[in-house]
Amino acid sequence: MADIHRTEAESFDSDLTSDPAPAQPGDTDGGGLGRRALLAGALAAGATAYGPPDALAARSARATADRRARHPHSRDYGPLVPVRDQTTGLPLLMLPRGFEYLSYGWTGDRMGDGIATPALHDGMAAFRMDRQGQHDHDHDDDRRRGDDDRGRGRNRVNLVRNHEVSGFGGRFATPAYDPDAGGGTSTVVFDLDDAEFVESYASLSGTVRNCAGGPTPWGTWLTCEETSDVNPTSGRLHGYVFEVPRSGRGDPRPLTAMGRFEHEAVAVDPATGYVYETEDAGSAGFFRFRPHRRGDLHRGGVLEMLKIGDASYDTSGDAMGTAYRNTSWVRIDDPDPEPGAPGPTDQGVARGGATFSRLEGAWYGNGLVYIVSTSGGPAGLGQVFEFDPRNGRLRVLFASPGQDVLSNPDNIGVSPRGGIVLCEDGSGVQFMHGLTTDGEIFPFAANNVVIPDGVPGKPAIAPGDYSTREWAGSTFEPRRGNWLFANIQTPGITFAITGPWHNGSL
């Protein structure tokens, strides 16, 4: 069986095939010890049962099983304790000692433009603005990017934040793609010099279920509609990606060449400008968009779907360590199909495209594209894949072995130091986990949002226990990573978290 690695250059314009090599014996990490036993310390107790001839194998098995278990807390950061919010005084989060945070932009809070903050905070990215109000890595075309004079002379971070609002109850702001649709984005400004949130404003509306998305190297946010709805009144189609500048208002024109399907997130390879896209569907595709012109997505491009081996392959049951040696890309001829026509995934599967179980978050970091399957893996509780865009190699970095380890991960982010953050969207109390690049997982933060009597000054927030609601939008300040920003989707809160990051892997 051939062992061929397809490269980007080899797979631009044709349906490439190669010998299948996923999930072969020997391609997965070993080990199968019970996670609860690990968490209870049974491994340590049983280590003496191995005799000297088996010592090396025993150490290897313990190391693999140890990576698969969720540690009660980070070995470096320490256990989680309730920490009071510096804005409200409420103990909304549990964090390691030494970390602190403040909240902002609760659902219903009045923004600087007079609009109430929309609900259902979701995906988000942070853009570092230099003291001239420009993005750190792109000073060439601020007029096209939508930069204005907000915050000039200060060190600030702009957060572009999604709102996963469904239905056709009407836009909350302009510009709007569909005046009847209630989703969109808002932009939040955080002052690094004073360590405080300073303003927010609506940046795009008229979309549906803006779930996640991703930042671009040219300083914009790509916001994704997780739907294929059709407006029942106007017939306007949904299921697109839209572009929002780091500052100012978004572009209400859909990027139709990037596909119409239930988008979740994107990650952009800065070396090529290619956009990698995930789909949140039961049998989902992993897509690549090659723009005709780097950084100008409205000029169109080519949409492709990942293929593994010679025939369509389902990755949903694959375990941690599974390596896919032969990948290629198949072209999607009709990325923007009319209702009732085969969608991009159906077109790709017909050409041998691979499928995943509900792809969610995506992020570029450490030279890799990380993607999350929220219900994949042997236990159906989540997988984290890493894809190398330089050579097409794909592997399962982590697969949850049990509910007590990781419960249905969703959004993902990577710190400037290389550590990975996973947002849970499962059952029980929801955690934001840390994940090392060798697959070791630990809880970093717990949702502790319990509001028995409401919050003064926030009439839109009903009393209740929100600790089982999902985390979303994890994103670090991109230059030094001293601040982690994240959302609790319901009741809708944005947090800025800081502390001794250098003590651990994040």
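## Salt bridges and an open sheet

Arg75 counts as exposed, at 54% relative accessibility. The classes are: buried, under 20% relative accessible area; exposed, over 50%; partly exposed, in between (1.4 Å probe, protein chains only). This is a predicted model, in which local features need pLDDT of at least 70, side-chain atom pairs count only at pLDDT 80 or more, and totals for chains, interfaces and linings use all residues. Residues are numbered from 1 along each chain as its sequence is written, and side-chain values use heavy atoms, with hydrogens and water left out.

The structure holds 19 salt bridges. The criterion is a side-chain nitrogen of Lys or Arg within 4 Å of a carboxyl oxygen of Asp or Glu. Three of them are tabulated here, including that of Arg75.

| Pair | N to O distance | Residues apart |
|---|---|---|
| Arg75 and Glu440 | 3.8 Å | 365 residues |
| Arg154 and Asp194 | 2.8 Å | 40 residues |
| Arg209 and Glu226 | 3.6 Å | 17 residues |

Arg75 sits in the loop between α3 (55-68) and β1 (80-83). Its partner Glu440 lies in the loop between β23 (431-435) and β24 (441-447). Glu440 is buried, at 16% relative accessibility. Helices (H or I, at least four residues) and strands (E, at least two) are DSSP runs, numbered from the N terminus.

Arg154 is in the loop between α4 (142-145) and β5 (156-163), and Asp194 is in the loop between β6 and β7. Arg154 is partly exposed at 26%. Asp194 is partly exposed at 45%. Both belong to a network of salt bridges that also links Arg156, Asp191 and Asp193.

Arg209 is partly exposed, at 28%, whereas Glu226 is buried, at 7%.

Now the sheet. Four strands form an open sheet, ordered β4-β5-β6-β7, with antiparallel pairing. Two strands pair if DSSP finds at least two bridges between them. β4 (121-129) and β7 (196-207) are the edges; each has a single partner strand, so one side of each lacks a neighbour in the sheet. Nine bridges join β6 (residues 183-191) to β7.

Last, a buried loop residue. Val405 is in the loop between β20 (394-399) and β21 (409-414). Its relative accessible area is 0%. Val405 and Leu381 are 24 residues apart in sequence and 9.3 Å apart in space, C-alpha to C-alpha.
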